[in-house]
Amino acid sequence: MHSSLGTFDYIIIGAGSAGCVLANRLSADPNTTVLLVEAGGKDDWFWIDIPVGYLYTIANPRTDWCYKTQPDEHLAGRSIHYARGRVLGGCSSINAMIYMRGQKSDYDYWASLGNAGWSWNDVLPLFRKVEDYQHGADEMHGAGGELRVEESRVRWEILEAWRDAAEECGIPKIPEFNRGDNFGSAYFQMNQRRGVRWSATKAFLRPVLSRPNLTVITNALVERLRIGRRNGMLRSEGVEFVHERDGRTFAEARKETILAAGSIGSPQLLQLSGVGPAAMLSARGIEPIRHLAGVGENLHDHLQIRMQYKVKNTVTLNERVNSVFGKIAMAAEYAVFKTGPLTMPPSQLGAFARSDAAQPTANIEWHVQPLSLDKFGDPLHTFPAITPSVCNLRPLSRGWVRIVSPDPAAYPEIKLNYLRALEDRAIAVDAMRYTRRIMAAKALSRFAPEEFRPGPGYETDEQLARGAGELGTTIFHPVGTCKMGDDAMAVVDDRLRVKGIQDLRVVDASIMPRITSGNTNAPVYMIAEKGSAMILEDQKK
């Protein structure tokens, strides 16, 4: 039996980037009641605020779901850690803080699939609306919004030289990304305010927590959506969850239930509720209520190929971190000025280019890091080094998220199938060769770069494709598992309504038909802003 928490106009599942925006916008009307349900705890740990704290929040069960992917054949049979935020603010409390909208072509492609209102010209005003840009408003940026966007607060000699080398190889220096065409190199802009992480909680949730019509519950694991019938139609009636204090609880939704649990959580909850591929659900012991073949399918992500180079005659983060004096100096600089390496995201410098001339727009991206380590969570290497990671922005390989049992606490099966598509392997090879050309450019010669990953012995296309699988790892950009559209695998329509179920929407990265070019957090804010407006518009009809 479930105790009753009562009735709310809107119930939002997941207090991550999308959920915080939704809670803010939907509770703006004092006559509307909103419940926000989060499985994780409060975001009151100091490592969340300090930008470099991602080293301590990722792979930490206090803030991370700590998922593991299924082994992938083309990833050298490896299973990898798959971080997802389990805390107020969701991934915005543990991510790289990089503000990257993607490219104009990404959204125009969504619209070309029949998704009305999702072209670049449609969504740019929404990006601008939520933004508080450090340099003020212009035709591409907004000021006065909740989401602070600032420039990097630290520079490295080796990154400046890498940018010069990229220019030698045909990649021009540009002032910034986020203007529609990202071709070029620039320093990433970040969601920080004066050297402190600016998460979804700080931007959208904390300023409205005093609203009496907004209820926020943490440490509450949603078990399933309760789906009934009204006038012969399936309808989402509310949410069943287990709270650490109150036990099994039911909350009723008068108007709508909104899934904002992300590309892993949202399809998992639909499947647990009987919505998804009917045969798969039956095999897992779930009675199918609504057959939707695409729930949990179309999972894709950016695979980052982490080539690494030893360098000389310069200082990188490796030596700073491995020196007691270096650590003291970094801590002191941050404490006094809120500048320096402790303000760093994992990557500071980016570059976009075409892997070959046939590509219509930039299709590969570098995240260049003045550091090296075996994998996140491991110590930095003791020698000076850099990591010019490169990824395919439009991968064709697709995977899935599938529940393994009716138990809501059981982690779902996460299968990416990285590099399964032949074209993805070909682009990986081209991207690695492009990286080598940059590293061999004159601008970097004084640092004597020496490739040690993948290193000698990886020269042929076959060897490099194998090396990509050995080096490749996620940048934590899962999308697509409840994709928007009108084809047989679509889960939501272009107003983000789940097909065939009234009063139920998905508003998060899982609705992307195809991944955007670059980091996915900024697009999620836009999706939530647009989703909020559509919910309020539809209620007036």
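1. A definition to start with: two strands pair if DSSP finds at least two bridges between them. Keep that in mind while looking at this predicted model, since strand β18 (residues 308-310) and strand β21 pair in the antiparallel sense over two bridges. Within that pairing, the bridge partner of K310 is A385 in β21.

2. Staying with β21, which other strands pair with it? Strand β17 (residues 303-305) pairs with β21 in the antiparallel sense, again over two bridges, and Q304 stands opposite C391 there. Strand β20 (residues 364-369) pairs with β21 over six bridges, also in the antiparallel sense.

3. Are the residues of β21 buried or exposed? Strand β21 covers residues 385-392, and eight of its eight residues are buried. Both faces are covered: A385, T387, S389 and C391 lie on one side, while I386, P388, V390 and N392 lie on the other.

4. Now a step back to the whole chain. The secondary structure of the protein chain comes to 14 helices and 26 strands. A compact globule with 541 residues would have a radius of gyration near 24 Å, and the protein chain has 23 Å, which agrees. Along the principal axes, the C-alpha atoms fill a box of roughly 75 × 50 × 40 Å.

5. Of its 541 residues, 62% count as buried. Among the contacts with a separation of 6 or more, 70% come from residues 24 or more positions apart.

6. Next, please look at strand β12 (residues 233-243). Eight of its eleven residues are buried, so β12 is largely enclosed by the rest of the structure. Strand β11 (residues 220-230) pairs with β12 in the antiparallel sense over ten bridges, and the bridge partner of A220 is H243 in β12. The hairpin of β11 and β12 has two residues between the strands, and N231 takes a positive phi near 55° in this hairpin.

7. Strand β12 also joins strand β13 (residues 247-259): six bridges link the two, which run antiparallel. G238 has E252 in β13 as its bridge partner. β12 and β13 form a hairpin too, with three residues between them.

8. A further sheet is worth a visit. Three strands form an open sheet in the order β16-β22-β23, with antiparallel pairing. The edge strands are β16 (297-299) and β23 (413-415), each pairing on one side only. From one strand to the next, the twist averages 35°. β16 and strand β22 (residues 399-402) pair over two bridges, and the bridge partner of E297 is W400 in β22. Helix α8 (residues 262-272) lies across β22 and β23, running at about 50° to β22.

9. Finally, a pair of helices. How do α4 and α5 cross? The axes of helix α4 (residues 104-112) and helix α5 (residues 120-130) come within 8 Å and cross at roughly 120°. Angles from 65 to 115 degrees count as roughly perpendicular and those over 145 as roughly antiparallel; α4 and α5 are therefore oblique to each other. In this contact, K104, Y107 and D108 in α4 meet W120, V123 and F127 in α5. By class, the contact has four nonpolar, no polar and two charged residues.

How values were computed
Residues numbered from 1 in each chain as written. Predicted model: local features only at pLDDT ≥ 70, side-chain atom pairs only at ≥ 80, totals over all residues. Heavy atoms only, no water. Axes fitted to C-alpha atoms, helices over the stretch in contact; angles between N-to-C directions. Helix = DSSP H or I, 4+ residues; strand = E, 2+ residues; numbered from the N terminus. Parallel < 35°, antiparallel > 145°, perpendicular 65-115°, else oblique. Contact = heavy atoms within 4.5 Å. Nonpolar A, V, L, I, M, F, W, Y, C, P; charged D, E, K, R; others polar. Buried < 20%, exposed > 50% of the residue type's maximum accessible area, 1.4 Å probe, protein only. Rg over C-alpha atoms; globule rule 2.2 N^0.38 Å.
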